[in-house]
Amino acid sequence: MKRFQQGSLFRTKRKGGADVWVFRWYDYSSGKRVYKKQIIGNVEQMQGKRDAENSVVTLRSSINVDTGTPRTVTDLNAHYRKYELTQNKKSFSTIENHRLLYNRYIEPRWGQLRLHAVRTVEVEEWLHSLTLAPASKAKVKCILSSLYNHAIRNEWLMFNPISRVRTSQKRLRDKDVLAPEEFQKLVQKLAVRERAMVLLAGSTGIRRSEMIALTRSELDTVRMQVTILRSCVRSRFGKTKTESSCRPVPLHPVVLQALLEWRSKSAYAEKLDFLFPSTRFDGKRPLSPQSIMEKSIRPALADIGIVGKRIGWHSFRHSLATNLRTLGVDIKVTQELMRHSSSRTTLDVYTRAVDQRKREANEKVVEMMLPLDLEKFQNSSEPSRIHSPIRRRRRSPTRLGPNN
């Protein structure tokens, strides 16, 4: 019968070197009780037992995944990773982000606490103390909350203490976007490959993970569109960010011509070859979008005088949404072009009114609310008349009529 176990950590001598720390436990995965052990490290790396204990935390939690109710946050995370963070349920980027944020922030502070010992106010104060952007703090909170929701689904807990933790996702600064004239100058400065990539990203809002995953066969020259089927994150291929993202994207003739020009010059001409292949890996992998941004696009931005803006691949997506909003394109059409799951995302995150549009809107409101005052202001040709003191007219004595 499976039982909860802590395992044992001990120090043992070796003939050919320094003493080592060894962790041993029982494994029941085969249906039988099997004795196992693993070397954690030598005493030169971990001088004291406390250092060895800290290194064995994750391993200790993993041996109790299938042995009843998790006791600590670390035990709960091990169970969650095994049954929820799987490749058939979550994307690679989601799994990797969970692992990084949990190991870096949650595990050191909350990992050894029992599930009932985590308090709402303490978590809130801890989040406020982190030197992270508000959006990053919200992601850390979301990971911790997802663990407790997992415990509730498995009927180990009745309440999620993270659900009442207050956080803000307000941006510290607005996302930088490129004005149409800036985008035009940038495109003219780039080489053929980089020009094709920037035109594709800037005119369709395609994400960089989707762009580098494209193959030559997914470029439809007859329908003038490109079909998004998958994404590539850190050389791992998987599903797109959302189901709405997996749709054909229309191409303008200028953009299509730029893509065809690059395709004709690419050394990899097979249908299943990447549209933007890496020559370093002989076309077997797509190129690194971050490398293109650092080596080609940002230097080009500096050459044309665009400094002080933090421009990345996602900036082209923000710029497109803002330009569509400026042109007065219907929000539902914008949502379809951006391939958002909800129009709320399009409104809240990706669009902001340009200063000139704000001024025009303000003028229309004033014209509607104060038409008479505006007419007087426009008819007054002498500035001195506007600022001269108002002369009070003498009121004639009131004559009382017979009815008064």
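# Helix packing and aromatic pairs in a predicted model

Helix α8 (residues 192-204) and helix α12 (residues 313-326) have axes that come within 7 Å and cross at roughly 40 degrees. The model is predicted.

**The contact of α8 with α12**

- From α8, the residues making the contact are Met197, Val198, Ala201, Gly202, Ser203 and Thr204.
- From α12, the contact is made by Trp313, Phe316 and Leu320.
- Sorted by class, this contact has six nonpolar residues, three polar residues and no charged residues.
- Two packed helices are described by the angle between their axes and the distance between the axes.

**The chain as a whole**

- The protein chain has 17 helices and eight strands.
- Of its 404 residues, 39% count as buried.
- Among contacts in the protein chain with a separation of 6 or more, 57% are between residues 24 or more positions apart.
- The accessible surface of the protein chain comes to about 26300 Å², and 49% of that surface belongs to carbon and sulfur atoms.

**Aromatic pairs**

- The count of aromatic pairs comes to four.
- One of them is Trp110 with Trp126: the ring centres are 5.7 Å apart and the planes are at 85 degrees, so the pair is edge-to-face.
- Trp110 lies in helix α4 (residues 92-110) and Trp126 in helix α5 (residues 120-129), so this pair ties together parts that are 16 residues apart in sequence.
- Both members are buried: Trp110 has a relative accessible area of 0%, and Trp126 has a relative accessible area of 11%.
- Phe183 and Phe316 also form an edge-to-face pair, with 6.2 Å centre to centre and 75 degrees between the planes.
- This pair links distant parts of the chain, with Phe183 in helix α7 (residues 180-189) and Phe316 in helix α12, 133 residues apart.
- Phe316 is buried, with a relative accessible area of 1%, and Phe316 is also one of the α12 residues in the contact with α8.
- Ring pairs link Phe183, Trp313 and Phe316 into a cluster.

**Thr72**

- Thr72 is placed in the loop between α2 (57-62) and α3 (73-83).
- Thr72 has 14% relative accessibility and therefore counts as buried, since buried means under 20% relative accessible area.
- Leaving out residues up to four places away in sequence, Thr72 touches Gly111, Gln112, Leu113, Arg114 and Leu115.

Conventions: Residues numbered from 1 in each chain as written. Predicted model: local features only at pLDDT ≥ 70, side-chain atom pairs only at ≥ 80, totals over all residues. Heavy atoms only, no water. Axes fitted to C-alpha atoms, helices over the stretch in contact; angles between N-to-C directions. Helix = DSSP H or I, 4+ residues; strand = E, 2+ residues; numbered from the N terminus. Contact = heavy atoms within 4.5 Å. Nonpolar A, V, L, I, M, F, W, Y, C, P; charged D, E, K, R; others polar. Buried < 20%, exposed > 50% of the residue type's maximum accessible area, 1.4 Å probe, protein only. Areas by Shrake-Rupley, 256 points an atom, 1.4 Å probe, with all protein chains shown as cover. Phe/Tyr/Trp six-rings, centres within 6.5 Å; stacked < 30°, edge-to-face > 60°.
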